Amino acid sequence: MATVRQYAAWAERRIAATVVAEGLRVGLLGVVQGPLTLTYRVRLLQPQPAALRRLLALGDALAQALQVQAVRLSQAPGAVLIELPLPAEAQRTPTASELARHSQGLRVCVGYDALRQPVHVDLRQHGALFWIGPSRRGKTQSMKSTLYGLAAAQQGGQRLRYAILSQKRADWQAFAPAAGCLGIVSDPGEALLVLRWAAALLRDRAASGTSGAHYVIVCDDLLNLLAAEPDIAAPLAELASMGAGLGVHLLAGTQEAGSKRGTGGAGVENNATARILYRSSSAAAGARAAGQGGAGLEALSSARGDALFLADGESIRVATGLADDRAIMLLPTGGERLRSPWAAVATTGSQPAATTGHQLQPAQLAALHPADPASGGSGE
């Protein structure tokens, strides 16, 4: 098709023919071009439960009529949305810098919806945010965009501290000199120390009733991290369940959910109230990723960044961000490098003698998270 306008007119005719052949009477309210999709807002002229069910079930038939990978239909206030992927040459993934302009404090923009409106996650309400989907869908790019938005939205990065756990160190290296970066950890054993330190910090804050700087723990490729170090499941569960109220937040990406090997178990998943989900290989895999049936992940396209944002059971189609390392490297450096607060444990070469399992005794807390983690030191 020569232009998006011409493509939209052609698609409108094919949609109308399919709907009319089904015996449904609908009116077109409007057409919106999003970053990755073309969305038709329609309404039933004679709304009846049976007619609504028939309209919402037309996804496969419309995909055949429009010759596209998938068409997703969903309900919105006063309308039904018919979402189809834009031609590849018209797709435009939003950038991390663009999304960061809509972020403020811990309320971070994770993408644009199909109607070109920013979609936000408030980490004070959702302490554990998960990205779930197969490889090569855009999870890591979206996680980097989200962390960039959080870092850029702070007052010079002075109140946000973050540690990045990833075996793909090169993907995250641009954050290393930024203010607030506690370190990029690629060794699974050290990743366990980081999570144990963060869990101890949570317990200390809960016991003392005090708070301070906000901390973000990023776990990229959690599936492989859990395979290499299964013991991280317990501190992960503590962060997911207690972190939001105590200022320690978890951002995690994994290839699958619904199993201990993918997320760390039910204790983690039950508290992951905000999820960004990418096209699944099947309806069953999609239901496991969403934690509920009927999410419709199989109706998304395989374009990078095409996802479903699910929060408290409500779903929104969203185009997640693409991170440019050149923009990340422009984040404030903040002068002195931060010392990794778990280094006191790492340098001993073993766990503290008085620890049992994942429980750090109160006597060790001062060593694990000093009152001023920004004091001198050499970074990771």
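1. Basis. Residues are numbered from 1 along each chain as its sequence is written, and side-chain values use heavy atoms, with hydrogens and water left out. As the model is predicted, local features need pLDDT of at least 70 and side-chain atom pairs count only at pLDDT 80 or more, while totals for chains, interfaces and linings use all residues.

2. Helices α1 and α3. Helices (H or I, at least four residues) and strands (E, at least two) are DSSP runs, numbered from the N terminus. The axes of α1 (residues 4-21) and α3 (residues 59-66) come within 10 Å and cross at roughly 135°. Axes are lines fitted to C-alpha atoms, for helices over the stretch in contact, with angles from 0 to 180 degrees between N-to-C directions. The two helices are therefore oblique to each other; angles under 35 degrees count as roughly parallel, over 145 as roughly antiparallel, 65 to 115 as roughly perpendicular and the rest as oblique.

3. Residues between α1 and α3. Trp-10, Ala-11, Arg-14, Ile-15 and Thr-18 of α1 are in contact with Ala-61, Leu-62, Ala-65 and Leu-66 of α3. Contact means heavy atoms within 4.5 Å.

4. Helix α5. This helix (residues 139-152) has 14 residues and spans 20 Å from first to last C-alpha, close to the 20 Å expected at 1.5 Å a residue; the expected span is 1.5 Å times one less than the number of residues. Twelve of its 14 residues are buried, among them Met-143, Leu-147, Tyr-148 and Leu-150. Buried means under 20% relative accessible area, exposed over 50%, and partly exposed in between (1.4 Å probe, protein chains only).

5. Val-318. This residue is in strand β14 (residues 314-320) and counts as buried because its relative accessibility is 2%. Its C-alpha is separated by 6.3 Å from that of Ala-114, 204 residues away along the chain. Leaving aside neighbours within four places in sequence, Val-318 has contacts that include Val-110, Tyr-112, Val-119, Leu-308 and Phe-309.

6. Glu-98. Glu-98 is in helix α4 (residues 96-100) and is buried, at 14% relative accessibility. Residues up to four places away in sequence aside, Glu-98 touches Arg-92 and Tyr-112.

7. Positive phi. Most residues other than glycine have a negative phi. Gln-67, not a glycine, has a positive phi of about 60°; Gln-67 is in the loop between α3 and β3 (72-76) and is exposed at 62%. Arg-116 has a positive phi of about 70° and lies in the loop between β5 (107-113) and β6 (118-122).
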